[in-house]
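Let's take a friendly walk through a protein model and look at how some of its charged side chains pair up. Keep the structure in view as you read.

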Amino acid sequence: MVMRTVPVAALVLAVAACAPGADPSPIGTTGDGSIPANQSISLDDSGHAALANLDPALLAAVRAAAADAAARGVELKVTSGWRSREYQQRLLDEAVARYRSEEEARKLVHPPDRSRHVTGQAIDIGPTAAADWLVQHGADYGLCQAYANEMWHFELLTTPGGPCPQPQDSANG
Ligand SMILES: [Zn+2]
């Protein structure tokens, strides 16, 4: 496996998701939107639930950005998109187990009622170079980094070319 530089928080979650007992299903075959830790899918993988259930406007914006990024040698991959409520709860449960603290876990994983992944309004982009490109250029497509501690998580938060709101400190979320 090729290791790449990712924020510590992502590594911690990745480790949690890879714990013994976890049984990641092959990409493209699950209906809950799950993408195994340290893996990603292509924006062309329309049949995957993570993309099929995404807000069409969000998907279109990310695909437009990806085309421009590709022209500059940067490949945008999807590490998470739409998630079922059950999958979101599972991610939270895993984070709580990892941190032994619901409060700490919620700084990184929202409960299903609050997650914009569950409503199809959020997408996580990797690898780090791709997320960094989108942090810099996403506003051209209406895409903004929503949380200060998640440079990979994007939502449609502005009109194309408009200013992005300041990323939220998710410590309260
Ligand atoms: Zn996210």
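A search of the whole structure finds six salt bridges, where a salt bridge is a side-chain nitrogen of Lys or Arg within 4 Å of a carboxyl oxygen of Asp or Glu. Side chains of opposite charge can pair when their charged atoms come close. This is a predicted model, in which local features need pLDDT of at least 70 and side-chain atom pairs count only at pLDDT 80 or more, while totals for chains, interfaces and linings use all residues. Residues are numbered from 1 along each chain as its sequence is written, and side-chain values use heavy atoms, leaving out hydrogens and water.

Start with Glu102 and Arg106, whose side chains form a salt bridge (2.9 Å, N to O). Both sit in helix α5, four residues apart, about one turn of the helix; helices are DSSP runs (H or I, at least four residues) and strands are too (E, at least two), numbered from the N terminus.

Next, find the salt bridge between Arg116 and Glu155 (2.9 Å, N to O). Arg116 lies in the loop between α5 and β2 and Glu155 in strand β4, so this pair ties together parts that are 39 residues apart in sequence. Is Glu155 buried or exposed? Glu155 counts as buried because its relative accessibility is 3%, and buried means under 20% relative accessible area, exposed over 50%, partly exposed in between (1.4 Å probe, protein chains only). Arg116, at 27%, counts as partly exposed.
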